[in-house]
Amino acid sequence: MSIYLGVFIGYFAIIIISSIVGAKKVETMGDFTTGGNSMGLILGVGTSVATWLSVASVMGVPGNIYSRGVCAITGWIAGWFGGTALMPLIAYKIRRPAVPTRTFPEFIHARYDADKDVSPLQIVAAVIELAGYFVFSFIQVQGFGIVLNRITGLPFVTCCWLFMIILVFTCFGGFQSVARTDTVNAILILIGVIAGAITVVNVAGGMGAIVENFATTTAPAVTGGNPIPAGSLTSTWGVFGASAIMSTFLSNSLGASVAPHWVARFMAPKNAKTGALQMFWVVIFLIPIFICIVIIGMGGKALMPSLPEGVTSDYMFPQLIINYLNPVLGSLALVAICAAAVSTANSMLLHCSTSLIYDIVRNIKFSGGKKATVEDDAKTTKVLRITILVLGVLAVIGAIQQWSFLADGFTYVYGAFGSVFFAMVWLGLYVKKMNRPAAWVSLIVGFILYFYCVTQGAPFGLPTFIVSGGCSVISAIIVMLVTKAPPVECYEAYFSDDPSEATVAAMHRIRRDDV
Amino acid sequence: MSMFPIIMWILMVVVAFVIYIPVAIKINKTGLKRLGATAHIFTCDPDKDPIK
């Protein structure tokens, strides 16, 4: 216990120091929201790797492999890699304008409502972003609560509140602080999962024994459950079936590619190439980490055939650490889980607060041609920090309810984002004719159909994302073809390297710049 | 054990490479420093020539 606590105290000290260093870099609101559009490659790769490695990946995926088999690799790991593979195409376009937007909803304003002072689409996008990232935030708090509860025996609720304190601390410095702590967290996660995987292989008697057991076991995931058919864990579609796995794959790949926090992240790099390249390197750096995560999931089944009654498979990795890893390696692995929770939750909480304050409140407050002065932006930054605190408290309350499996919760939100925003982002960045009516229709169709498919089931057994995202894109194309083309200032910044003065002026007006 | 999940995973890594290279080449062709056209294709180091 003392080693665990010692390592944790050391971890918290590192996070606090890196947060303070990051916070000192914040001079303007642009620094707070996007790091001043000046982030370099190393920091960009570090923060992006850490953001990918949430508790859904470090705890949820091993738990899913443990309980549902190798099909989870297709649905979650290949899905997330697919999403990351597509991202350079978005990063290049998003970072192309000389005056880039600062948030995802602001991009929606620039692309579809550039001729309007206040954009209803920006506000709706901000509300959706706020709701989705709030779910993400409490999932992370929940993951951290599970880990700390397992190690210390402290009540789960207390553990969640402790997490909130760390989380709020890292968010107070804005994007710079988040990026720096994320980079530290990415390194710790790598060390932690390697420690976990090496120990699991050694204790289980090697990879051959792990695979052999995985292919033949009939032990249920939780004690008292029905035995599973032998071989189901190593089959292509597992207990899910092809439709569910492909739906998960599409949600995690196509859905993730347009997730607002990723689109916003591409506004931070110092130039378009850095934005695109950072995602390529993210794919490379994630490979060894996810190999370790797969080994942990499969090895867990050999070491602990069934989990105790009353726990979900999300508890598998922490349980494995407590039971089988020596305290030094175990504490490193546990820190990896906490680092994953912190690194993702701080980004999510930052997006929640910017959606609410920057995209909704500030957008309306400075309507009618008003410009935000340096003093105004300083006040907004203060309000952003207070909002982070309030949302952190609310996230803890949500986490205490333990509403969903960690990885499943992520898939639902990514699926919803993909259904709603896929056409708006991809067609908006690559088709000049994509316009405001088409954006509205795609958003409404995607939202309604995703909600219907999740609650009632997709028709004909099709993957949910194919139905909701597909219909959203088709409806956008139909509306786009029968309505007028958008004004030039709505698309020029994303299609030309030398936009007109009117377009540049529109971008400044949308940002409420005092120029 | 089914190899399909592993093949899908490897395929996505290949897709990442196949997508990034044309994007980087397109940026290089613009010649614009503000887009990173003069930076190296795999390091973004501005002191090194880009691989055309």
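This is a predicted model: local features need pLDDT of at least 70, side-chain atom pairs count only at pLDDT 80 or more; totals for chains, interfaces and linings use all residues.
Biologist: Which element supplies the largest share of the lining of the largest cavity?
Modeller: The lining includes A:Thr33, A:Thr34, A:Ala264, A:Arg265, A:Leu350, A:His351 and A:Thr354. Three helices of chain A each supply at least two residues: H2 (29-34), H12 (260-265) and H15 (327-365). The largest share, 3 residues, comes from H15(A).

Biologist: How do the residues of the lining of the largest cavity divide into nonpolar, polar and charged?
Modeller: Among the lining residues are A:Phe175, A:Ala264 and A:Leu350, together with A:Thr103, A:His351, A:Arg102 and A:Arg265. By class, the residues of this lining divide into 3 nonpolar, 5 polar and 2 charged.

Biologist: How many charged residues has the lining of the second largest cavity?
Modeller: The second largest cavity has a volume of about 40 Å³. A:Glu106, A:Gln122, A:Tyr358, A:Arg362, A:Asn363, A:Ile510 and A:Arg512 line this space, and H15(A) gives the largest share of that lining, with 3 residues. The lining comprises 2 nonpolar and 2 polar residues, and its charged residues number 3.

Biologist: Which residues does A:Phe421 touch, not counting residues up to four places away in sequence?
Modeller: A:Phe421 is one of the two core members, with A:Trp52, that touch the most other members. Once residues up to four places away in sequence are set aside, A:Phe421 touches A:Phe104, A:Ala125, A:Ile128, A:Val258 and A:Pro260.

Biologist: Which three residues supply more than any other three of the area that chain A buries against chain B?
Modeller: The contact takes 41 residues from chain A and 32 residues from chain B. Between them the two chains bury about 3,000 Å², with 78% of it on carbon and sulfur atoms. Of the area that chain A buries against chain B, 23% is supplied by A:Tyr92, A:Lys273 and A:Phe280.

Conventions
Residues are numbered from 1 along each chain as its sequence is written. Chains are lettered from A and ligands numbered from 1 in the order in which they are written. Side-chain values use heavy atoms; hydrogens and water are left out. On a 1 Å grid over the protein atoms alone, a cavity is a set of points where a 1.4 Å probe fits but cannot get out, and a pocket is an open set with protein on both sides within 12 Å along at least five of seven lines; lining residues have an atom within 4 Å of a point. Helices (H or I, at least four residues) and strands (E, at least two) are DSSP runs, numbered from the N terminus. Ala, Val, Leu, Ile, Met, Phe, Trp, Tyr, Cys and Pro count as nonpolar, Asp, Glu, Lys and Arg as charged, and the others, Gly among them, as polar. Grid points are joined across faces, edges and corners, and a volume is the space filled by probe spheres set on the points. A nonpolar core is a set of buried Ala, Val, Leu, Ile, Met, Phe, Trp, Tyr and Cys residues joined through side-chain atoms within 4.5 Å. Buried means under 20% relative accessible area, exposed over 50%, partly exposed in between (1.4 Å probe, protein chains only). Contact means heavy atoms within 4.5 Å. Buried area is the accessible area (1.4 Å probe) that two parts lose on being put together, summed over both.
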